Each structure stands twice: as structure tokens, then as C-alpha cells.
Amino acid sequence: MNLLFEGFAWIFDPAHHGGDEGIGTRILQHLGITLVVMVIASLIAIPLGYLIGHTGRGRSVVVALSGGVRALPTLGVISLIALSVGIGFTAPVIALVILAIPSILAGAYSGFEAVDRRTIDAARAVGMTEGQIVTRVEVPLGLPLLIGGLRSATLQVIATATLADYVGAGGLGRYIFSGQATNDYPQMLAGSILVIMLALVSEALFSLLQRSLVPAGVVAAEQRQPDGETSGGPTRKSGPRRSLIAGARR
Amino acid sequence: MNWIGNNLPLIGERTLDHIAITAPVILLSFLISVPIGWVANRFTASRGIVLSASGVFYAIPSLPLFVALPVILGTGLRSPVNVTIGLTLYGIALMVRSTADGLASVDPDVTQSATAMGFSDSSRFWRVELPLAGPVLLAGLRVVSVSTVSLATVVAVLGVPTLGLFFTDGVERNILGEIWAGIVMTIVIALVFDVIIVQLGRLLMPWTRSSSAAVSRPGRRTRVVAPV
Amino acid sequence: MIEFRAVNKTFPDGTRAVENFSAVIPSRTTTVLVGSSGCGKTTLLRMINRMVDPTDGAIEIDGENIADVAAVKLRRSIGYVMQNSGLLPHRKVIDNIATVPLLKGVPKADAHRHALELMETVGLDLSLAQRYPAQLSGGQQQRVGVARGLAVNPNILLMDEPFGAVDPIVRADLQKETLRLQRELDKTVVFVTHDIDEAFLLGDQVIILEKGARIAQQGTPEEILANPASEFVADFIGADRGKRRLTVSSTAQPQGDDVVLIDAGGYAAGVISAPDGKLATGHSSPKSRSISNKTDQAGDA
Amino acid sequence: MIEFRAVNKTFPDGTRAVENFSAVIPSRTTTVLVGSSGCGKTTLLRMINRMVDPTDGAIEIDGENIADVAAVKLRRSIGYVMQNSGLLPHRKVIDNIATVPLLKGVPKADAHRHALELMETVGLDLSLAQRYPAQLSGGQQQRVGVARGLAVNPNILLMDEPFGAVDPIVRADLQKETLRLQRELDKTVVFVTHDIDEAFLLGDQVIILEKGARIAQQGTPEEILANPASEFVADFIGADRGKRRLTVSSTAQPQGDDVVLIDAGGYAAGVISAPDGKLATGHSSPKSRSISNKTDQAGDA
Amino acid sequence: DPLADENSSSDGETLVVGSQQYYSNEIVAEIYSQALENAGYTIDRQFQIGAREVYLPEVEEGNIDVFPEYTGSLLQALDPSVTSGTSDEVYSQLVEALPEELSVLDPAEASDQNSWTVTQAFADQYDLTDIASLSNVTEPITVGGNSELQTRPYGPDALQELYGVTVAGFTAVEDSGGPLTVKALVDNTIQLTNIYTASPLIEANDLIALEDPDGLFLPDNIVPVVSDKVDADATDILNEISAALSAEDLVSMNAESVDEQKSSEEIATAWLTENDLLG
Ligand SMILES: Nc1ncnc2c1ncn2[C@@H]1O[C@H](COP(=O)(O)OP(=O)(O)OP(=O)(O)O)[C@@H](O)[C@H]1O
Ligand SMILES: Nc1ncnc2c1ncn2[C@@H]1O[C@H](COP(=O)(O)OP(=O)(O)OP(=O)(O)O)[C@@H](O)[C@H]1O
Ligand SMILES: [Mg+2]
Ligand SMILES: [Mg+2]
């Protein structure tokens, strides 16, 4: 606890605030990397995920691949890439994009898959073209899960972007590496605390985003049928839901 | 790539080290997450707290955690206890959500009928709810397994021998083959663990094997929400 | 008029859902396809708006082979109502109803005005217009589904077990509405159900199907009831509450001249007035819904 | 005999599901609780095995207040069958049936032997014993549910819309089986449904409920049909296919002496033999299922 | 190990030999191990143990008996106030600073110390020979290296203060003067970095380690740090090794490890045989 206090003290020390080496700059670098990574990863993963989600094809291949990708040790990948492209942003950005893709991809395609097949069926039956089904039904209804995917990807990227400093791309990892090398635990902890703060802020922003982007009708549906049980006791409310299921013969 | 051929025994040894560190962690993460997930699922108020806490926990950079833990635990940096606890904490952070989701996914009708038949609360949990949460738990465990195997490369920096040593050493000595060996073996371990977990799941949950085919109509996709 | 000519459908997995189905569905009448689960009703219905294309055979609407019409265009000209209403959960009721007109480029204001009219037509309170589907009861959702089906003012309305998911009481209500709508709107309705009572209630023409969409019997409800074509049909029409052959109960008797009639299972089916054992036939004027009354108007659906 | 004494149930969220409900359910008869969705049927049923405890009032089984019996013990002595069977998806059919005996510590071999007997009782092919529930059809699952309910040889069997989720044809089949089982097994059955036809078919005694589980009418099917106690009851018993008042169709006539009867909605309800307009009462021997025939055996459920 | 079986004269206790997570250090540790095994000691190798903050506590606790260290760096870890001195001064200060349970044996000539390093081309362009000449450089210099370099007493600030070098900025590359750093230097992403003098990368990449006449860097001679479990015989063996270990030997062994990808065992055996230390 004492250590934790020293970590905060390090953060609040004005000597560490301004300038090229200051907390402000480091945070901006960290956020910059995160942003660039998320944009690139989204540009790759969202269309691909949508394609998989809409057609239902290629899912198993992609699931297997992203399982493998998840196992990739990021530090190893950064080192390997940096050995060929040199130090700086490029290597960590590529490595982090690889890290972020599986979550976003899963969010994108599972968002599509979670859309009730009958809703899509009805959309097709009223005469929507495939493109209209994607843009007007699947995309808006898949948003909650997509954002969930983006959310966990961002969390991972923020945490892992600490490795960017390994190849000179700066960011909050700097405090961690240099704190570790000089036995300066308060500095190291300060770096960690800042990373966690960023993670918390991102979580908060994403839950706001989720609230504003998730279609109101979906919110209404969720409020009606909360996914978690509310009471959980032996007398769970099951009346109205039951009769709905009764009709939905399969 | 010469290096690989000349160092097969070393690769084997490090691979075993890696497995020795990760396998117990995966198991522990699972075991500890069950009660936490149960609490998260059982009490509405705790659900949000537990789930967001575990989400943010996952954002703690690993290196500082491993360095700070011994200060709290009173162990040495290189101590297996330190490494195991650190990795397990990350595993739990991932697994708790799956456990809560898994328990929530159990058809309330089934739990109702179990209650109606006279299952006591605890036997209902162990014999009905937990096994039925199995498929979701399994999916969560697969993610935990992969990420633990990957994360364990980091603890090499602490002087604990794992495949991660091939990265640091490979970079210092500029031996690409060594780095590749580390990456490939990490993925291989992850894949092998994954196969084992899936097979174990099939073995322990025989009812999931046949049911999907019998229930869902061919050609129509059923609702699947993959864990994100 | 919708005509099926020797239509077959085999799904890629080998299921033969429809085997050599031929039938004529006259315009401006309600034809009900009835049969038990998996017999191919939905498949038949979905062939009409090309949600399913036949493996073999042709379907014509007013003489035009629908295979020659672009699927999206065809679907926009046909109303489709399904069991769970299939509403878009992220759109308000009014936008759901106006989906197809909006797709077609009708100005929003016009589309919404028309949607409100349709809400009245199907008996929905206008205050519900700004709600989301999840905020409606099952019965209300079905009405929205019907309104959406009517939004393009289609000649043809396809309804696939539209009332399967609602409470029996709400269901009776919706059935009554449907009868009213049929009278008012004068559309060609193809209705799918597995409830023979519903079929007899709503159908001008009823087609009873066996597995593979083979026609077991086709005719007006009265024709079928009077002369079941086979043991299968006889069974089917009596299926959900014992046989329909009624007899007079000798024990339970209500007041006055009424007698309780019991069915072949031995259970009470209804009450009829029969003073002195003689049937009172006074007000026996059954609704004339036999298709023969209407086929002369056909040909322009 | 099960007796409800001024029972009330208010859920924690304020819903008053049951308001001052009192009734006697005689032993060895079938009592059907019928009413529309949300009227409190399930709540009443679940009070009998203490899945729900009353806020107020008492329930006695053969004179013993169930509040004094440990809930788990009580539940193991009462069979419970629900709509979607509620089978344990991770256990084989035979283990599902034997669940409670196994819980009670009956040796596995004995429990399985008994389970196989029960499969025969409910008309299940023994080859299904080693399957998982998901590998059965809906109707088969329901039979397993019934077999499981019978596995402890309970005096009381609670059935909550057990046939709500199955096909009408399969449903008719299950209803027939249920009638046979009732005759064979002679249990106290409390059956919940919202289908009045089913209620009349299966019930020795029928209790029609309004919102809040208020009794609208209670009696044998014949009594209720002959003398509906209120407009609500009259409405309800005719709800799902128009009124039950029948008249003779003047147009559609089958061959021979039969006449087609139509209901108040104007639609065909059945056929009765009436040579020369005179009702043939020859084979009018309705089943005697009125509860009065059986109450004398009561008292030991 | 076949060598151990041949003459198992003194069947002493097991000695734990440790090494840093640094291939060069591991080679030296392997040399110690093989020599000791050859003399009949049982050796438990615990190599590649992280950085100093990881292993030093364990050495202090007596969990490790023999550890190859570097005089200046170790001294600074024990007493950060020390900033300069000759080899001998540093060695005697180190002996003072060590905790009681530990001792250092004889230091070797071989050293692996910090240096300010530039490319040959850069050196030629500004006529650089020693650190002081960096003030000739007219363009702003970007310094690269492990992040702690920035705050070291010999870091960029010292260059600015002591020699009037214009430092434009600092770029962290956390591979301790490894190939990433060298690549950055060669790519001219950075112009000045800290590379260990024994690194084969210096020669392989045509780099120039600037001379340090003022003793800006502490000398870092290789020295075995030992616990009191190391007896007189073992001490003799380790001292013999130190006596034989020259600066060139270290560089060439490092080169073998990097360029020929030889394992530390091979390299150690070859060196010991060459120097007749396997008896
Ligand atoms: N896309 C498909 N691929 C393969 N088989 C299908 C497909 N759609 C339907 N079938 C099969 O075709 C047969 C007829 O199905 P259809 O949906 O038309 O039946 P239905 O009469 O509407 O049944 P229900 O009353 O259950 O809705 C069934 O055996 C069904 O399993
Ligand atoms: N656990 C609960 N908490 C709060 N309200 C409940 C709970 N269970 C049931 N209710 C409410 O109590 C009322 C009666 O419910 P109940 O399930 O008994 O109705 P039901 O007659 O069985 O209806 P259905 O035919 O739909 O099954 C309903 O308004 C229902 O919403
Ligand atoms: Mg269908
Ligand atoms: Mg109920």
C-alpha cells in the first residue's frame, strides 16, 4: 500500500508533468498508438467480420486463425518486426494490430450472427436487397457486440502498448521499463497506474458509446428481457416469457 | 534456422518448462473463477462490479504486476508462487466473465424443474447448473488457455525459464531462428492445450455432441454468440 | 390468381420438402394451407415471393412466371406476415410499417402518414407509433406485422402462422380482425397454419397437406367437413379435440330446450337448441364463404 | 386431498399473483386450472410443492400444513411436469427419469429398472433410454417428463401446461395417453392449461380463473358448459373458436342422415346424425367423469 | 557431463552457478561451471536469470553460489554514489561494498563495459575519436539506448554538461545495445548509443566505441561473485579462469555466439581446452 502511495506521489510530482518526457507527452503517445492501432485494426477486421457474419462462410477458418493469433507473444512479434523495419512506431503498431484484430473480428461477426435469423428473413421477405439487409438491419443490430469487441480490443491494446517503448515508440511503457531498470518502483507503479487509468477511461467512454449507439429498440428489448436473471431464487419470474416460447415452435 | 536444428533438446526443455508453468495456472484460474462467477451471477448487484473489475484488471501491465506482487506476497521475484499467482490473476480476470455468462445461460426452466424435483441448492448447482454452463465455460477456458500460454513468455524477463527466453536471447544474439522457435512453440502449445480442452469437453459433456444436430434444422443458422 | 404448376423443392441437404405440387389460388379470396409440422407449408408460401426458388416446376402470378421477375421487386409487391412478426427491433413501430415504402423512396412524411392510416386499419392505437416493437404485446406486434404487410398496398398477402405465438384469447381477437380485414380489403390472402380450426374459420378455400406438401384434400371448409376425402383428412380435422362426430349427451342438460352435444371422445362439444329432440333450424344461416361465390371476381390479383 | 385456505401471494415486486384463493382438490381426480396468461395458474401450482410460498393463508395436503414439511422432502414426494419438459439436457433419458430415486439414494440398478418400466407405462420405446433429451422429439420429451414425474410413485402429480409446446397432432396423442394414465394410475392430478378444450377433455373438475387467480367458475366440464356462471366464463369457454352454441347448417350437407352443425361464429363445428331433423340419441352415452363419482374415494392422496 | 565423471576427486557440495539473461554472461558462467565440474564439483546451472534486480537478492540470500559479475556495474548497484574510478579503485571499493556473506574473487582483464558508440561513417564525418570530440558534431544528436541510460551519471546530460555536446533528444530502445539499437544507429535513426564493449556487433557493423580517457564510465571487469560455500579449491579454479580471460577472448567468444550461433557449452569447452584449464 505504501508502494502504491509512492506511485501516486510520483504521478502528482509536478517535476514529472511537462516537457518531452512528461506524463502529458507519454499519455498522448500512448493514446496515439492506441488510436492508430484501433483504426487500422477496425478497417481490416470490421469489413472482414461483416463478410463472415453475413455470408456465414469462412467462420471456422477465421476462428482457428484468430485462436492462433491470440497465442502470438506480442513482445516476440514486435522484436521480429522491428529487426526488419527498424525502431519506431511501425513495429509496435503492426504487432498491436495483430493483437487487436481477433477481438474486433469476433465482435463483428458474432454481432451479425446474434441478429435473430427471423428478423433478417423478414427483412429479405419485405424486399430488402442484400446490401440493405447489411446496412439497415445487421449493422445496427450487431452494434452492441461489435462495440463489445472494440471495447475489449482497446483494453488489450492500451495494456500491451506499454511494449511500444521497447522499440523506441515511447508511451507509458517508458516509465515501466526505466523504472524496472533503475529499481525505481514508484516510477514503475506510476506507469502502471496511468495505464490502468487510461483503461478505466476507455471503459467509461465505451459504455457511453454503447449507450448512445445501441439502437433504442434493442435497449428496450433488453430491458424487457434482461439477460441475467434478476431474482435468481427458486421463484423466478417465468410466466410471460414461457408463453412466448410456447408459440415459437421449432 | 540452423540454430533450431542444433538446439532441439533446449527447445524441448523450454517447452516443458512452459507447460509446467501454464498448465497449473489454467486449472487454477478455472477453479477459482467458479465461485466468483457464481457470486457475480447470483447477486445482481455484484455482477456489474465483479465483471468490470475483472475487465480492468486485465489491463494491468503484466511486468509491473509481477514485480509488485512479491512485495505484497513476500515471495521472491523468481518464485513459482509469484509467477503462478500473477498469471492466475489474469486467467481469473478472463474466466470470471465466462463463468457468470455460463451460469446465466442455463435454461431457467431446467433449474426450475431441478428445484421442483427436490434438488437441494448445492446439489442443483453442482449437478445441474455447473455442468450445463459447461459449453460456455469451455469457450472461456479456451481463451484463458491461449492467453496464459502467450502471457507466460513475459515471465522470462523475471528469470523464470519459459519459451520467452528465446525472444530475449534471440534478439540479443540476433538469431531469428531462435525467435521463431519461441513463437512457433508457443502457438503449438496453445493449439495442443486447445485440442486437449476441447476433447476433454467432449468427453465430459457427451450431451453436447449430438444435440445440436438433432435439434437445429439443417441449413438454418442458430443463434450463436461467440465469446468476445 | 396464383398458380403452382408441378412444383418441386429439394433442399441442398436432400430434404424433399415439396413434391409435385399443383394448385390454383384464386384472387381476392383467402386460401389456407394447413398441415402438421414439417409438411412443407412454409416452403410453399415462400416460393410465392421467391424466398425459396423451386427446384422444378413453375409458379405464375396472373399468368406471369415469377422466375422472370427480380426477387427484390417481387417481394416489395407482396405483403408477408410471419409468426413472430419479424419486426425490426431497432426501428419504431411507424418506421417498421413504412419499411418498404421508405425503401422504395416514398418521402418520409407520406410514408408515415400512410403508416398511421394502416395502424388504424389494423386496429392499433396511434399512440403506439413511436414505440419500439419490444415495447408492444405479442398481439400488438402481430398487428404491426400485418400493417407492414399491407403498406405497399399489395394484391397478395402471405401470412405464415401469424397467430401461432399469441395467447388463445388474443388469437381469437386477431382472427376476428383478420376476417374483418378480408372483407374490407379484398386481397388474395395465402394463409399458413397448422390449426385446423383456424383454417376452417379463415379459409374460403382450405388445402390440407400431407408430408412433402402433397394435397390430401382441397375445398371449402364445408365440403371438407362433410366429405373428408380420406382417413387422414378425417383424422386431421378432428385431431385437436377428438372426432367431430357429435351426439347428444344423456346426462348433462342445460336449462330450457338446449341439449349438450358430445363428440366421439365422449366430451362436451357445444350446445344446440332442440325442443323435443327436434333440431331447431331456425337461424341456421351459415356464412357464405365458399370460394365458388368469389372465383368469378378472380383474375386480377 | 389438497386444500387451499385463503391463500394470497404477492411477489416482492408488488405483483399480486394470487388473491384470497380457497379451493379443495379431491384426491384421485384430475383438477384442471384454466385461465389466460398471467392469471396465476403456475403460481398456484407451485405453491403445492413449495416452489412458491404463500404470502398469506395455508395449503394442506391430507390435513397437514405443507409449510411444516421441508421443501426438498415435499418436492421429492410430488411429481412435477412442465411445459417444455424441463429435462436435464446433460443426462440420458433413463437417468432423467430416475433423477429423484437416485437423489434419494435408490441403488442405480433398481432405479434404472424402474425407469424402464415407467418408459413402458408412458408409451416410450425402450430403445430411447440411452439417448439425450435433445435427441428426442417434443412429444417424446414430454413423455419422459411424465415418466420422471411418476418415478417416485407420487400420490400427487402437478402438470403445468405439459403439452403447450407440442404439435396439435402430437398433443392430441398425449392427451389421449394422459386420459389412459389417469384411469390406470389413479393419482391426484393438478393440471394447468390455458386451452379450455384441453381442460374440458382432461378435467374431472375444472377451475376457471380470472386475473389474480380469482375463481370465475368451478365444476365439472358439463356443469360449466351447461351453465356458465358469468359472461366472462361464457366468453372464455367459447374463446378459441367462436361461441359454442351450435345450429344446423342449411347449405353444406354430408351424405346420409348427417347434418353439419355450425357455431355462433357461423363456422362448421361438427357433424351429427339427425334423420328427418330428429336427433339420433342412440349412442349418447357420455363418459362419466364427473367428480361426484369419485369424491368418495378421496382422502388418501 | 562426461567431464565430471573422469576425476571425481573432491565430491563436494552442489554449487549453484547463475547467469544474467545475457548470452555473454552465460558463456562465462558456463566456463565457470565446466571448470568446476571438471574438478569434481556438482553444478546446478541457473542461467538466464533476468536482470540484476532479479538475481542480486537471490545471490545475497545465498541461493546462488557463483555468479559472473561486472565490477563497475555491481558496485554501482550496491552503492549508487560511486561514479568514477580506475579498475583497481573500483575493485577495492567493490570488496568494501559487498555484504558479508559474499565475496569477489580476482577480476579478469576482460571487461564488458558501457561505451558511447557511433558509426564509422559518423565518426569519419566529424572526426570523432574520444567522447570529448563529440562536441565537434554540428548537427543535433539523438541518443538512443535503454531508457535508464537517460538518467545515468554518464548519460546525455553529462555529455552536455561535461563536453558541451548538443543532444537533440533521447530515443528508448530497450534491447540493451542489441541488434535493434544497432539497426537504429545504422539507419541513422539515432546517432549515438551505449553498446557494451565486448559486443561483437561493434566490429560486425563497423561501429566505433569512443575512447573514454576521463573515466566517464566505470570499468566493468568480469569478476566472480561467490558465496562462502565456494572452498579454496574452487576459488583457485575460478581465479585461474580470471587470469586467463582476456578482453579479446571475450569479444571473440561473443562473436561465436552471435555469428556462428554456437551454444555456450561449445564455446566454453573450446575456450577451456584452448587455455589448458580442463587439466
Ligand atoms: N433451408 C432448408 N434446408 C433444408 N431443409 C429445410 C429447409 N427449410 C425447410 N426444410 C425442411 O423442409 C421440410 C418442410 O419445411 P417447412 O418449413 O416448409 O415446413 P412447415 O410445414 O412450414 O412446418 P412448420 O409448421 O413447422 O413451420 C421440413 O422437413 C424442413 O425440415
Ligand atoms: N417471481 C415472480 N416475480 C414477480 N412476479 C411474478 C413472478 N412470477 C410470476 N409473477 C407474476 O404473477 C402473475 C401470475 O403469474 P403466473 O406465472 O402464475 O401466471 P400463469 O397463469 O401461469 O401464466 P402463463 O399462462 O403465462 O404461464 C403474472 O402477472 C406474473 O407476471
Ligand atoms: Mg412453417
Ligand atoms: Mg404459467
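Reader: Is D:Arg180 buried, partly exposed or exposed?

Author: Good place to begin! This is a predicted model, and in it D:Arg180 counts as partly exposed, at 24% relative accessibility. The cut-off for buried is under 20%.

Reader: Which side chain does D:Arg180 meet in a salt bridge?

Author: The partner is D:Glu184, at 2.8 Å from N to O. Both residues lie in helix 7 of chain D, which covers residues 168-185. They are four residues apart, about one turn of the helix. D:Glu184 is partly exposed too, with a relative accessible area of 49%.

Reader: Where do salt bridges that share partners form a network?

Author: Look at chain C, where such bridges join C:Arg143, C:Asp173, C:Glu177, C:Arg180 and C:Glu184. Over all chains, the structure holds 39 salt bridges. Another one pairs C:Glu3 with C:Arg5, at 3.6 Å from N to O. C:Glu3 counts as buried, because its relative accessibility is 18%, whereas C:Arg5 is partly exposed at 38%.

Reader: What about a charged residue that is buried yet has no salt bridge?

Author: D:Lys9 is such a case. You will find D:Lys9 in strand 1 of chain D, residues 2-10. The nearest side chain of opposite charge belongs to D:Asp53, 7.1 Å away. A salt bridge needs a nitrogen and a carboxyl oxygen within 4 Å. Leaving aside residues up to four places away in sequence, D:Lys9 touches several others, among them D:Thr15, D:Met47, D:Val52 and D:Asp53.

Reader: Now for the surface. Which residues form a negative patch?

Author: In chain E, the patch consists of E:Glu13, E:Asp231, E:Asp233, E:Asp236 and E:Glu240. E:Glu13 sits in the loop between helix 1 (2-6) and strand 1 (14-18). With a relative accessible area of 54%, E:Glu13 is exposed.

Reader: And which residues make a nonpolar patch on the surface?

Author: Turn to chain B, where the patch includes B:Leu176, B:Trp180, B:Val188, B:Ile196 and B:Leu200. B:Leu200 belongs to helix 9, residues 176-204, and is partly exposed at 46%.

Reader: Stepping back, how many helices and strands are in chain A?

Author: Chain A has 11 helices and zero strands. Of its 250 residues, 58% count as buried. Chain A exposes about 10,000 Å², and carbon and sulfur atoms supply 68% of that area. Among contacts in chain A with a separation of 6 or more, 73% come from residues 24 or more positions apart.

Conventions:
Residues numbered from 1 in each chain as written. Chains lettered and ligands numbered in written order. Predicted model: local features only at pLDDT ≥ 70, side-chain atom pairs only at ≥ 80, totals over all residues. Heavy atoms only, no water. Patch = residues over 30% accessible without salt bridge, like charges linked within 9 Å, V, L, I, M, F, W, Y side chains within 5 Å. Areas by Shrake-Rupley, 256 points an atom, 1.4 Å probe, with all protein chains shown as cover. Helix = DSSP H or I, 4+ residues; strand = E, 2+ residues; numbered from the N terminus. Buried < 20%, exposed > 50% of the residue type's maximum accessible area, 1.4 Å probe, protein only. Lys, Arg positive; Asp, Glu negative; His and termini not counted. Charge placed at Lys NZ, Arg CZ, Asp CG, Glu CD. Contact = heavy atoms within 4.5 Å.
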